[in-house]
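Please read it alongside the sequence and the structure.

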Amino acid sequence: MSRKILIVEDESLVAYDLKLILTRAGYRVCGIADSVPEALEIMEEQKPEMVLLDIFLKGDLNGIDLAAMLTAKNIAFVYLSANFQESILEKAKATQPYGFLVKPFREKELLITLDVAFYRHQNSIESKLRREQGLEQLFKNIVAEPINWKQKLLKIATSLQPYVPFDYLTVIVRTSAGFSDEAISFLRTGFDEYQVIGINEFLNITNISRARLKEMQAESPLLTKTAFYNDGDFTTLQSRFPVKKLLANALHMESFLGSPLVNSKGDNVCFSFYSRKPDCYSTDHVVLLDRLHRSLLTAMEDIIPVDHGETAPFKNDVYAGKGLSEQNKAAGFRDIICKSHQMLTVLDHIAIVAPLDTSVLVLGESGTGKERIAKSIHYLSPRKNKPLVVVNCASMPATLIESELFGHEKGAFTGAVEKRTGKFELADGGTIFLDEIGEMPAELQVKLLRVLQEQEIERIGGKGPIKINVRIVAATNRNLEKEVEEGRFRLDLYYRLFVFPITIPPLRERKDDIPVLVRHFLERYAQKSGKNITGVTPDVMTQLLEYQWPGNVRELEHFIERSVLLADGPMIKHTYLPKLQSKKESSVYKDVATDRLKTIDENAREHILDVLRRCNGKISGKDGAASKLGLPPSTLHSKMQKLGIRKWE
Ligand SMILES: Nc1ncnc2c1ncn2[C@@H]1O[C@H](COP(=O)(O)OP(=O)(O)OP(=O)(O)O)[C@@H](O)[C@H]1O
């Protein structure tokens with residue numbers, strides 16, 4: 001049966017032209033609308049599978065307004081517009097369309113864009129379904145586990161993290177009798193590491209009394225539906241929700257998503273997700289939570305104790321108390337050392353995509369660790385015992401790259417004295433990592449597109465296509481959109497590869513990673529050189545945090561290697577960084593995502609947690625955290641209490 005398309009376009013000539021092309025190509029145009037209300041009417045009746053959407057329409061609402069409604073209904077859409085001013089393009093992009101067409105466009109371009117859009121939508125529906133079913137099963141398994149209710153709740157929270165990201169999550173119960181004290185929160189402190197914040201820790205962090213908290217809670221209205229508030233919207237929301245304001249100020253949260261569940265007894269169980277990213281949440285998250293509503297509610301009814309007398313203490317303050325690298329390794333990430341919330345999100349994305357066969361495009365500046373990410377995708381996938389073949393498209397001459405990738409038969413061209421098996425065949429059953437894909441010559445891009453579409457290759461001089469089963473992970477440090485715009489990269493290939501992009505931020509935007517990377521490289525190079533180097537001086541660390549790292553992690557690694565060789569004592573005391581590039585901003589650690597200076601308490605809290613982690617939770621004694629911090633154990637205890645850090649167990 002032919003696929004149904006709705007055209008939403010206020011220029012009737014363009015609309016009829018589109019209809020003609022689409023009908024000729026075998027699509028069914030189920031309507032033409034020139035405004036959002038008319039489009040909604042046709043959608044209700046005709047249920048189109050795809051909408052071609054102009055941005056400027058008749059009436060008050062525009063194409064971007066309609067896009068949000070389409071996402072909520074899981075209908076794919078492609079924008080068409082005469083001009084995309086930067087501000088509009090930004091807004092349009094945020095609605096996650098399945099394609100863009102700039103008027104005037106050629107017939108072929110339109111058909112390819114639609115083909116790719118259908119493919120991507122199908123892919124995303126399948127992965128969304130798998131994701132929902134997977135989560136529902138996971139909730140059931142968690143409920144059945146022989147662990148206490150708080151541990152179950154934490155497991156539910158961590159299983160949601162890859163899909164609805166959060167730095168802080170509160171689950172609060174409001175019964176007809178008012179708020180329950182069992183409100184519980186989880187503060188993310190590592191990839192799989194959370195600190196449980198109970199009522200006492202919350203009061204410590206926010207510095208208010210229990211009675212005042214009760215008053216504030218009573219002043220807050222009840223959330224009635226799942227909704228998100230990014231950036232400025234979140235600030236506005238805080239004026240009506242004093243507890244949220246308190247929390248946002250204390251922990252510097254910048255966006256919020258609330259999802260209330262009402263159980264059979266009329267109790268309201270509300271999940272409040274907070275993020276330090278100003279624009280963390282989208283309609284996608286709301287749709288997912290609404291779809292999971294029933295299974296989440298069933299799980300919550302089993303988990304939240306009916307008898308609040310259950311007193312079994314929660315075993316660990318911090319869930320998974322391993323060292324950072326150990327922790328990441330345990331989660332299957334190969335040597336990805338990181339701590340920043342930006343990189344934790346990257347790891348979440350890897351965890352989502354690795355088990356699937358989807359192509360992945362890794363984007364990021366040179367030296368940010370793209371190859372590492374590609375490797376971890378392979379080693380976390382069911383293909384892990386099959387080959388991972390790495391090809392650097394930039395380092396091969398254009399004349400050789402085809403035979404390198406696809407192989408050749410003996411005598412296929414002058415110099416082909418022997419048959420050669422190409423990289424794609426070598427990777428059969430496994431993964432091929434195409435590094436620097438932006439450098440691939442145009443004629444090879446067509447061949448790569450064919451591999452992606454048909455899963456087959458043809459050797460140079462070969463007799464016919466050979467079926468292969470290879471997953472593609474590609475990477476580039478170029479701006480591929482610009483390459484497409486300037487005609488150097490094929491639009492159709494771009495969309496095929498862009499199914500699951502992972503962007504690695506530059507090191508200067510995730511400075512929280514610098515101290516852990518420094519420690520990691522110091523250990524490695526100190527061991528290699530046989531020197532006993534224990535750390536860098538605070539002064540050096542300040543300079544490392546201020547420097548802009550144009551060469552990213554690679555440059556930091558080389559810097560540490562060099563410093564270890566030059567060091568004449570147990571501490572690195574000097575930096576040998578290019579002077580001009582170091583930027584004097586502040587000697588205080590910054591939360592780079594928000595460009596906000598961290599408070600003294602925040603720095604102290606992170607530092608104490610870090611030292612505790614390194615001492616395996618030991619406080620007193622020669623190798624305990626108190627001695628490392630130069631404090632009497634009793635002082636450390638009271639500092640921990642003040643900062644809401646409970647004993648590490
Ligand atoms: N998170 C990380 N943890 C540990 N080491 C890292 C991390 N990120 C990068 N590195 C190190 O930095 C160096 C550069 O990483 P990688 O080669 O993966 O970067 P890339 O983005 O692929 O660079 P290019 O674009 O230049 O190929 C590697 O030697 C790797 O050891």
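In which sense do β15 and β18 pair, and over how many bridges? The two strands pair in the parallel sense, over five bridges.

1. Basis of the note. This is a predicted model, in which local features need pLDDT of at least 70 and side-chain atom pairs count only at pLDDT 80 or more, while totals for chains, interfaces and linings use all residues. Residues are numbered from 1 along each chain as its sequence is written. Helices (H or I, at least four residues) and strands (E, at least two) are DSSP runs, numbered from the N terminus.

2. The sheet that holds β15 and β18. Strands count as paired if DSSP finds at least two bridges between them. The order in this open sheet of five strands is β15-β18-β21-β14-β22, with parallel pairing. Because β15 (388-392) and β22 (501-503) each have a single partner strand, they stand at the edges, and one side of each is left without a neighbour in the sheet. Neighbouring strands are turned by 20 degrees against each other on average, direction ignored.

3. V391 has L434 in β18 as its bridge partner. On to β21, β18 pairs in the parallel sense over four bridges, and T431 stands opposite R471 in β21. Strand β14 (residues 360-363) runs parallel to β22 and is joined to it by three bridges; the partner of V362 in β22 is I502.

4. Burial of β18. A residue is buried if 20 or more other C-beta atoms lie within 10 Å of its own, exposed if 12 or fewer, and partly exposed in between, with C-beta atoms placed from the backbone. Five of the five residues of β18 are buried, so the strand is largely enclosed by the rest of the structure. T431, F433 and D435 lie on one side, I432 and L434 on the other, and both faces are covered.

5. Helix α14. Seven of the 10 residues of α14 are buried, so this helix too is largely enclosed by the rest of the structure. The buried residues are K370, I373, A374, K375, S376, I377 and H378. Their cover includes α13 (341-353), β14, β15, β18 (431-435), β21 (471-476) and β22, where contact means C-beta atoms, placed from the backbone, within 7 Å.

6. The ligand shell. At least two shell residues come from each of α14 (370-379) and α22 (552-566). Of the 17 residues around the ligand, S366, G369, K370, E371 and V553 come nearest; a residue is near if its C-beta atom, placed from the backbone, lies within 6 Å of the molecule. The shell lies between domain 3 (325-505) and domain 4 (508-642), because both give residues to it. These domain bounds come from an automatic or database domain assignment.

7. A second sheet. Another open sheet of five strands has the order β2-β1-β3-β4-β5, with parallel pairing. β2 (28-33) and β5 (100-102) stand at its edges. Strand β1 (residues 4-8) pairs with β2 in the parallel sense over five bridges, and V8 has A33 in β2 as its bridge partner.

8. Residue E38. E38 is found in helix α2 (residues 36-46). With 16 C-beta neighbours inside 10 Å, E38 counts as partly exposed. E38 and V8 are 30 residues apart in sequence and 8.9 Å apart in space, C-alpha to C-alpha.

Technical notes: Axes fitted to C-alpha atoms, helices over the stretch in contact; angles between N-to-C directions. Contact = placed C-beta atoms within 7 Å.
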